[in-house]
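Reader: I am new to this structure and would like to go through it slowly, one point at a time. Could we begin once it is on the page?

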Amino acid sequence: MPAPDRALPWRLARAHLRRRRMQNTLTILGIAVGVMALIAALSLTNGFTRALVDATLRASPHLSVTAYTPQARDRDLERAMQADPRVQAFTPFLADKGLLTRPASAGRGAGVDFTTLFGVTGDARRVLQLPPEEGAALGSLKDGEVLLGAALARSVGAFTGDTVRLLNSTQRRTSLRVRGVFSTGNYLIDSAYAFTNLGTLQALQQTSSVTGYQLRLRDPDQAPAVGSDLTRTRAYSPLPWQSLYGTLLDQLALQKKVIAFVVLLIVVVAAFGIANVLTLAVFEKTQEIAILRAIGATRSLITRVFLIEGLALGLGGLLLGNLLGLGISAYFTVRPFSLPGDLYFITTLPVEVRWTDVLGVNAIGLVTTLLAALIPARRAAGVEPARVIR
């Protein structure tokens, strides 16, 4: 009868699974723990990467276009940027490096540190995503005022209202009043960057030129394409944020691969626990298998019985592992890890669950469990009924 033949492998597999409940439960738990750890690890890694990139881009433009030689503001380029729907905001800038010092005062020793100084216009508040109060200060910098990164301000020992001295790269000196400090959460930026208005830095360098333009895009991932389009026929060099922080992105991608590979080994080891369970089942059921083969059961039917058992154990472990992994991710979304910002650039470790990662974990787990079940299944199908019954 066709219907009973199709149902027989399922009934046999169900009967086998009911007899070894403890071993089956432990196997499912082993797979579940591996899947849980892999989903949680990937989600935390994704969250760390996203938070670090976001913190970096708060005080960094998505795209910089730099003139081959400093020149006056390019009105043609500005019109092109205004007309491009991908460009959200832009500002001309003049860059310089210098030594920032604060003279000693009563109760405080002198402070000194190197800085990268940007002269910008009021449009910089739209290019950089600083907190509202800090963004307002950036957009309203007056002549002779400077906005310091939080870590840079601590290093120099300068507070709002203090006066600091700048020795720039051309050996010119000036005094600047600290308008305030900004904090992005990225220590490398907060410890090195400072902003003043464009006129102040132009006066210090005795020039009316600008280094280029800084842009914020509606989609940061389009920075290379926008940079190429804007500079194709102009004497400018594009620098998208992906190139500026390429090493950082490569390190984060490598970190994710290493973590995924190490944790994946847990899933593989747990999945091959299925092979142990099914191999024992084959030894225990050798006579039963021989009788089934003697009364007409095909090798294909016997193979399907044990593959169904392996599939049931694997799916059970994957389902439980997904629930646990997503549950842990949800918990850390509500109560994220706290991190030292001066070491990891961000103060908390957020979680970002990507369904592509979840689907990939489940696909690999399912394939691994089926491969693990195939070995004992083929062994069971190879049982010779005449030899066993005799």
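Reader: What volume does the largest pocket have?
Author: This is a predicted model, in which local features need pLDDT of at least 70 and side-chain atom pairs count only at pLDDT 80 or more, while totals for chains, interfaces and linings use all residues. Residues are numbered from 1 along each chain as its sequence is written, and side-chain values use heavy atoms, with hydrogens and water left out. A pocket is an open set of points on a 1 Å grid over the protein atoms alone, where a 1.4 Å probe fits and protein lies on both sides within 12 Å along at least five of seven lines. With volume taken as the space filled by probe spheres set on the points, which are joined across faces, edges and corners, the largest pocket comes to about 230 Å³.

Reader: Which helix gives the most to the lining of the largest pocket?
Author: The lining, meaning residues with an atom within 4 Å of a point, holds 14 residues, and Thr49, Arg50, Val53, Leu249 and Arg354 lie nearest the centre of this pocket. Helices here are DSSP runs (H or I, at least four residues) and strands are runs of E with at least two, numbered from the N terminus. Helix 2 and helix 11 (246-271) each supply at least two lining residues, but the greatest share, 6 residues, comes from helix 2.

Reader: How many charged residues are in the lining of the second largest pocket?
Author: This pocket holds about 190 Å³ of space, and among its 15 lining residues Pro61, Ser64, Phe118, Gln214 and Leu244 are the closest to its centre. Ala, Val, Leu, Ile, Met, Phe, Trp, Tyr, Cys and Pro count as nonpolar, Asp, Glu, Lys and Arg as charged, and the others, Gly among them, as polar. By that division the lining has 11 nonpolar residues, 4 polar and no charged.

Reader: Is Thr27 buried or exposed?
Author: Thr27 has its place in helix 2 (residues 21-58), and it touches Ala270, Gly273, Ile274 and Val277 (heavy atoms within 4.5 Å), not counting residues up to four places away in sequence. Buried means under 20% relative accessible area, exposed over 50%, and partly exposed in between, with a 1.4 Å probe and protein chains only. Because its relative accessible area is 9%, Thr27 is buried.

Reader: What kind of aromatic pair do Phe90 and Tyr213 make?
Author: Rings of Phe, Tyr and Trp (its six-membered ring) pair if their centres lie within 6.5 Å, and planes under 30 degrees apart count as stacked, over 60 as edge-to-face and the rest as tilted. The count by this rule is 6 aromatic pairs. The ring centres of Phe90 and Tyr213 are 6.1 Å apart and their planes stand at 70°, so this pair is edge-to-face.
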